[in-house]
Amino acid sequence: MAFGEQPAYLRVADDLRKKIVGGELPPHARLPSQARIREVYGVSDTVALEARKVLMAEGLVEGRSGSGTYVREQPVQRRLSRTGYRSPTRCTPFRQEQADEQSRGTWESSSERGAASTEVAVRLRIEPGEEVMRTRYVFRSAGEPAMLSTSWEPLAVTGRTPVMLPEEGPLAGRGVVDRMAAIGLVVDNVAEEVSARPGLAEETLALGGVPGHAVLVVSRTFFVGRRPVETADVVTLAERYRIAYHLPVR
(Lines give C-alpha, C1' and ligand atoms only; values in the text may rest on other atoms or scores of the structure.)
Protein backbone atom coordinates (compact mmCIF):
# COMPACT_ATOMS: atom_id res chain seq x y z
CA MET A 1 0.00 0.00 0.00
CA ALA A 2 1.47 3.33 -1.08
CA PHE A 3 1.70 6.20 1.35
CA GLY A 4 1.91 9.91 0.61
CA GLU A 5 3.67 12.62 2.56
CA GLN A 6 1.54 12.08 5.67
CA PRO A 7 3.37 9.96 8.28
CA ALA A 8 2.72 6.27 7.71
CA TYR A 9 1.31 5.66 11.17
CA LEU A 10 -1.33 8.37 10.64
CA ARG A 11 -2.32 6.87 7.29
CA VAL A 12 -2.73 3.44 8.89
CA ALA A 13 -4.70 4.93 11.77
CA ASP A 14 -6.92 6.83 9.31
CA ASP A 15 -7.74 3.68 7.35
CA LEU A 16 -8.53 1.72 10.51
CA ARG A 17 -10.62 4.63 11.80
CA LYS A 18 -12.70 4.59 8.62
CA LYS A 19 -13.33 0.87 9.09
CA ILE A 20 -14.44 1.46 12.67
CA VAL A 21 -16.72 4.39 11.83
CA GLY A 22 -18.10 2.58 8.78
CA GLY A 23 -18.93 -0.55 10.76
CA GLU A 24 -16.47 -2.89 9.08
CA LEU A 25 -14.88 -3.17 12.52
CA PRO A 26 -17.97 -3.02 14.80
CA PRO A 27 -17.99 -2.41 18.57
CA HIS A 28 -16.27 -5.19 20.55
CA ALA A 29 -14.50 -6.49 17.42
CA ARG A 30 -10.83 -7.22 17.87
CA LEU A 31 -8.48 -4.81 16.14
CA PRO A 32 -6.02 -6.50 13.75
CA SER A 33 -2.90 -7.55 15.58
CA GLN A 34 0.35 -5.64 15.23
CA ALA A 35 1.70 -8.40 12.99
CA ARG A 36 -1.43 -8.28 10.83
CA ILE A 37 -1.25 -4.49 10.48
CA ARG A 38 2.41 -4.80 9.48
CA GLU A 39 1.52 -7.40 6.85
CA VAL A 40 -1.54 -5.65 5.38
CA TYR A 41 -0.09 -2.14 5.22
CA GLY A 42 3.54 -3.04 4.57
CA VAL A 43 4.84 -1.07 7.52
CA SER A 44 7.22 -1.66 10.40
CA ASP A 45 6.30 -2.80 13.90
CA THR A 46 6.94 0.73 15.12
CA VAL A 47 4.45 2.21 12.64
CA ALA A 48 1.84 -0.43 13.51
CA LEU A 49 2.26 0.27 17.22
CA GLU A 50 2.00 4.05 16.76
CA ALA A 51 -1.17 3.67 14.67
CA ARG A 52 -2.78 1.64 17.46
CA LYS A 53 -1.72 4.29 19.98
CA VAL A 54 -3.47 6.97 17.91
CA LEU A 55 -6.74 5.02 17.92
CA MET A 56 -6.47 4.43 21.66
CA ALA A 57 -5.83 8.13 22.30
CA GLU A 58 -8.94 8.96 20.26
CA GLY A 59 -11.02 6.59 22.39
CA LEU A 60 -11.92 4.37 19.44
CA VAL A 61 -10.25 1.23 20.80
CA GLU A 62 -9.22 -0.12 24.19
CA GLY A 63 -6.62 -2.62 25.30
CA ARG A 64 -7.60 -5.67 27.33
CA SER A 65 -4.86 -7.25 29.37
CA GLY A 66 -3.69 -10.53 27.86
CA SER A 67 -6.36 -10.42 25.17
CA GLY A 68 -5.64 -7.70 22.64
CA THR A 69 -7.11 -4.43 21.46
CA TYR A 70 -10.84 -4.07 20.80
CA VAL A 71 -13.16 -1.49 19.25
CA ARG A 72 -14.96 0.54 21.91
CA GLU A 73 -18.70 1.05 21.82
CA GLN A 74 -19.19 4.79 21.51
CA PRO A 75 -21.66 6.36 23.95
CA VAL A 76 -24.65 8.30 22.66
CA GLN A 77 -23.91 11.94 23.38
CA ARG A 78 -26.46 13.65 25.62
CA ARG A 79 -27.24 17.32 26.13
CA LEU A 80 -26.15 19.11 29.28
CA SER A 81 -28.53 22.08 29.45
CA ARG A 82 -27.62 25.40 31.05
CA THR A 83 -30.54 27.78 31.46
CA GLY A 84 -29.70 30.22 34.21
CA TYR A 85 -30.86 28.55 37.47
CA ARG A 86 -34.19 30.34 37.75
CA SER A 87 -37.02 27.90 38.39
CA PRO A 88 -40.58 28.19 39.75
CA THR A 89 -39.92 25.04 41.75
CA ARG A 90 -37.27 24.24 44.32
CA CYS A 91 -33.85 24.09 42.75
CA THR A 92 -31.88 21.06 43.92
CA PRO A 93 -28.13 20.76 43.33
CA PHE A 94 -28.74 18.30 40.49
CA ARG A 95 -31.22 20.62 38.80
CA GLN A 96 -28.78 23.46 39.31
CA GLU A 97 -26.16 21.58 37.31
CA GLN A 98 -28.42 19.78 34.82
CA ALA A 99 -31.27 22.10 33.89
CA ASP A 100 -32.98 19.68 31.51
CA GLU A 101 -36.39 19.09 33.08
CA GLN A 102 -36.51 15.61 31.51
CA SER A 103 -33.48 14.55 33.53
CA ARG A 104 -33.99 13.04 36.96
CA GLY A 105 -30.96 12.49 39.09
CA THR A 106 -29.49 11.83 42.50
CA TRP A 107 -26.30 12.97 44.13
CA GLU A 108 -23.80 12.13 46.83
CA SER A 109 -21.83 14.82 48.62
CA SER A 110 -19.31 15.56 51.33
CA SER A 111 -18.33 18.93 52.82
CA GLU A 112 -15.28 20.10 54.77
CA ARG A 113 -13.66 23.33 55.89
CA GLY A 114 -10.45 24.33 54.18
CA ALA A 115 -8.19 27.19 53.16
CA ALA A 116 -8.81 28.86 49.81
CA SER A 117 -6.13 28.16 47.21
CA THR A 118 -4.84 31.06 45.16
CA GLU A 119 -7.09 30.13 42.22
CA VAL A 120 -10.20 29.77 44.38
CA ALA A 121 -9.39 33.00 46.20
CA VAL A 122 -9.20 34.89 42.90
CA ARG A 123 -12.56 33.50 41.84
CA LEU A 124 -14.19 34.36 45.19
CA ARG A 125 -12.36 37.70 45.49
CA ILE A 126 -10.97 36.83 48.90
CA GLU A 127 -7.46 36.45 50.25
CA PRO A 128 -5.61 33.13 49.70
CA GLY A 129 -5.86 31.04 52.85
CA GLU A 130 -9.22 32.42 53.95
CA GLU A 131 -11.62 29.75 55.17
CA VAL A 132 -14.05 28.21 52.70
CA MET A 133 -16.52 25.35 52.78
CA ARG A 134 -15.59 22.85 50.07
CA THR A 135 -18.27 20.45 48.92
CA ARG A 136 -17.70 17.59 46.51
CA TYR A 137 -20.59 16.05 44.57
CA VAL A 138 -21.09 12.99 42.39
CA PHE A 139 -24.26 13.39 40.31
CA ARG A 140 -25.97 10.32 38.86
CA SER A 141 -28.56 10.06 36.08
CA ALA A 142 -30.49 6.79 35.76
CA GLY A 143 -28.05 5.33 38.28
CA GLU A 144 -24.96 6.10 36.17
CA PRO A 145 -22.34 8.71 37.17
CA ALA A 146 -22.90 11.80 35.02
CA MET A 147 -21.03 14.71 36.59
CA LEU A 148 -18.58 15.62 39.31
CA SER A 149 -18.63 18.99 41.03
CA THR A 150 -16.47 20.73 43.59
CA SER A 151 -17.82 23.95 45.06
CA TRP A 152 -16.32 26.53 47.40
CA GLU A 153 -18.23 29.03 49.54
CA PRO A 154 -16.50 31.71 51.66
CA LEU A 155 -17.24 31.13 55.32
CA ALA A 156 -17.15 34.89 55.74
CA VAL A 157 -20.56 34.72 53.99
CA THR A 158 -22.13 31.48 55.24
CA GLY A 159 -20.25 30.78 58.47
CA ARG A 160 -22.42 30.67 61.61
CA THR A 161 -25.60 30.57 59.49
CA PRO A 162 -28.15 27.75 58.99
CA VAL A 163 -26.87 27.22 55.41
CA MET A 164 -23.17 26.84 56.20
CA LEU A 165 -23.33 23.15 55.17
CA PRO A 166 -25.02 22.79 51.74
CA GLU A 167 -26.38 19.31 52.51
CA GLU A 168 -27.38 19.80 56.15
CA GLY A 169 -29.81 22.03 57.99
CA PRO A 170 -33.24 23.39 57.02
CA LEU A 171 -32.33 23.98 53.37
CA ALA A 172 -30.34 20.78 52.83
CA GLY A 173 -30.35 19.72 49.21
CA ARG A 174 -31.43 23.09 47.84
CA GLY A 175 -29.50 25.14 45.32
CA VAL A 176 -27.27 28.14 45.97
CA VAL A 177 -29.95 30.69 44.99
CA ASP A 178 -32.45 29.38 47.58
CA ARG A 179 -29.83 28.95 50.30
CA MET A 180 -28.44 32.45 49.91
CA ALA A 181 -31.94 33.92 49.87
CA ALA A 182 -32.52 32.30 53.26
CA ILE A 183 -29.76 34.46 54.76
CA GLY A 184 -30.89 37.63 53.03
CA LEU A 185 -28.62 37.51 49.95
CA VAL A 186 -30.21 37.78 46.50
CA VAL A 187 -28.18 36.03 43.81
CA ASP A 188 -28.68 38.15 40.70
CA ASN A 189 -26.07 36.91 38.21
CA VAL A 190 -24.02 33.87 37.32
CA ALA A 191 -20.81 33.62 35.29
CA GLU A 192 -19.70 30.44 33.52
CA GLU A 193 -16.63 29.47 31.51
CA VAL A 194 -16.39 26.19 29.60
CA SER A 195 -13.07 24.51 28.85
CA ALA A 196 -11.75 21.08 27.91
CA ARG A 197 -8.69 19.20 29.18
CA PRO A 198 -7.44 15.64 29.62
CA GLY A 199 -9.32 14.02 32.50
CA LEU A 200 -7.45 13.19 35.67
CA ALA A 201 -7.35 9.46 36.43
CA GLU A 202 -9.59 9.80 39.50
CA GLU A 203 -12.13 11.88 37.54
CA THR A 204 -12.48 9.53 34.60
CA LEU A 205 -12.58 6.50 36.90
CA ALA A 206 -15.40 8.04 38.94
CA LEU A 207 -17.29 8.88 35.74
CA GLY A 208 -16.81 5.45 34.18
CA GLY A 209 -14.49 6.66 31.44
CA VAL A 210 -10.98 5.96 30.21
CA PRO A 211 -8.06 7.76 31.94
CA GLY A 212 -6.64 10.55 29.81
CA HIS A 213 -9.76 11.12 27.73
CA ALA A 214 -11.05 14.67 27.50
CA VAL A 215 -13.43 16.15 30.04
CA LEU A 216 -15.54 19.29 29.84
CA VAL A 217 -15.18 21.67 32.76
CA VAL A 218 -17.83 24.29 33.55
CA SER A 219 -16.33 26.84 35.93
CA ARG A 220 -19.29 28.65 37.49
CA THR A 221 -19.60 31.49 40.00
CA PHE A 222 -22.73 32.89 41.66
CA PHE A 223 -22.78 36.61 42.50
CA VAL A 224 -24.76 38.90 44.75
CA GLY A 225 -24.15 42.13 42.89
CA ARG A 226 -20.37 42.08 42.38
CA ARG A 227 -19.71 39.81 45.36
CA PRO A 228 -19.05 36.11 44.60
CA VAL A 229 -20.83 33.85 47.09
CA GLU A 230 -20.03 30.45 45.55
CA THR A 231 -17.78 29.10 42.83
CA ALA A 232 -17.60 25.57 41.45
CA ASP A 233 -16.05 23.33 38.80
CA VAL A 234 -18.44 20.89 37.15
CA VAL A 235 -16.71 18.06 35.29
CA THR A 236 -18.20 15.61 32.79
CA LEU A 237 -16.88 13.35 30.03
CA ALA A 238 -16.60 15.18 26.70
CA GLU A 239 -17.48 12.08 24.70
CA ARG A 240 -20.80 11.71 26.52
CA TYR A 241 -22.10 15.26 26.73
CA ARG A 242 -22.44 18.45 24.73
CA ILE A 243 -23.28 21.67 26.54
CA ALA A 244 -26.31 23.66 25.37
CA TYR A 245 -27.10 27.18 26.60
CA HIS A 246 -30.61 28.68 26.56
CA LEU A 247 -30.46 32.14 28.09
CA PRO A 248 -33.16 34.82 28.25
CA VAL A 249 -32.74 38.09 26.37
CA ARG A 250 -33.19 41.04 28.70
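Residues 24 or more positions apart account for 58% of the contacts in the protein chain with a separation of 6 or more, where contact means heavy atoms within 4.5 Å. Keep that in mind as you start the tour. This is a predicted model, in which local features need pLDDT of at least 70 and side-chain atom pairs count only at pLDDT 80 or more, while totals for chains, interfaces and linings use all residues. Residues are numbered from 1 along each chain as its sequence is written, and side-chain values use heavy atoms, with hydrogens and water left out.

**Stop 1: the whole chain**

Show the protein chain as a cartoon and you will find eight helices and ten strands. Helices (H or I, at least four residues) and strands (E, at least two) are DSSP runs, numbered from the N terminus. Now colour by burial: of the 250 residues, 38% count as buried. Buried means under 20% relative accessible area, exposed over 50%, and partly exposed in between (1.4 Å probe, protein chains only).

**Stop 2**

Centre on Ile 37 next. Not counting residues up to four places away in sequence, Ile 37 touches Val 12, Leu 16, Pro 32, Gly 42, Val 43, Ala 48 and Arg 52.

**Stop 2: an arginine over a ring**

Pick Arg 64 and Tyr 70. The charged end of Arg 64 sits over the ring of Tyr 70, 4.1 Å from its centre. A charge counts as over a ring if NZ of Lys or CZ of Arg is within 6 Å of the ring centre and within 35 degrees of the ring normal.

**Stop 3: the six-stranded sheet**

Now look at the open sheet, whose six strands run in the order β4-β5-β6-β9-β8-β7 with antiparallel pairing. Two strands pair if DSSP finds at least two bridges between them. At the edges are β4 (105-115) and β7 (189-198), each pairing on one side only. On average, neighbouring strands here are turned by 15° against each other, direction ignored. Behind that angle are axes, lines fitted to C-alpha atoms (for helices over the stretch in contact), with angles running from 0 to 180 degrees between N-to-C directions.

Walk across the sheet from β4. Eleven bridges join β4 to β5, and Glu 112 has Arg 134 as its bridge partner in β5. Strand β5 (residues 131-141) then pairs with β6 (residues 144-154) over ten bridges; one of the partner pairs is Arg 136 with Thr 150. In the hairpin of β5 and β6, with two residues between the strands, Ala 142 takes a positive phi near 55°.

**Stop 4: along β5**

Stay on β5 and select Val 138. Leaving aside neighbours within four places in sequence, Val 138 is in contact with Thr 106, Trp 107, Glu 108, Met 147 and Leu 148.

Then show Tyr 137 and Phe 139, whose rings are stacked, 5.3 Å centre to centre and with 15° between the planes. This is the one aromatic pair in the structure. Rings of Phe, Tyr and Trp (its six-membered ring) pair if their centres lie within 6.5 Å; planes under 30 degrees apart count as stacked, over 60 as edge-to-face and the rest as tilted. Are these two residues buried or exposed? Tyr 137 counts as buried because its relative accessibility is 9%, and Phe 139 counts as buried because its value is 1%.

**Stop 5: β9 and its partners**

Finish with β9 (residues 227-237), a mostly covered strand: ten of its eleven residues are buried. Five bridges join β6 to β9, with Ser 151 partnered by Ala 232. On the β8 (residues 214-224) side there are ten bridges, and Phe 222 has Glu 230 as its partner in β9. Strands β8 and β9 form a hairpin with two residues between them, where Gly 225 in the turn has a positive phi of about 65°.
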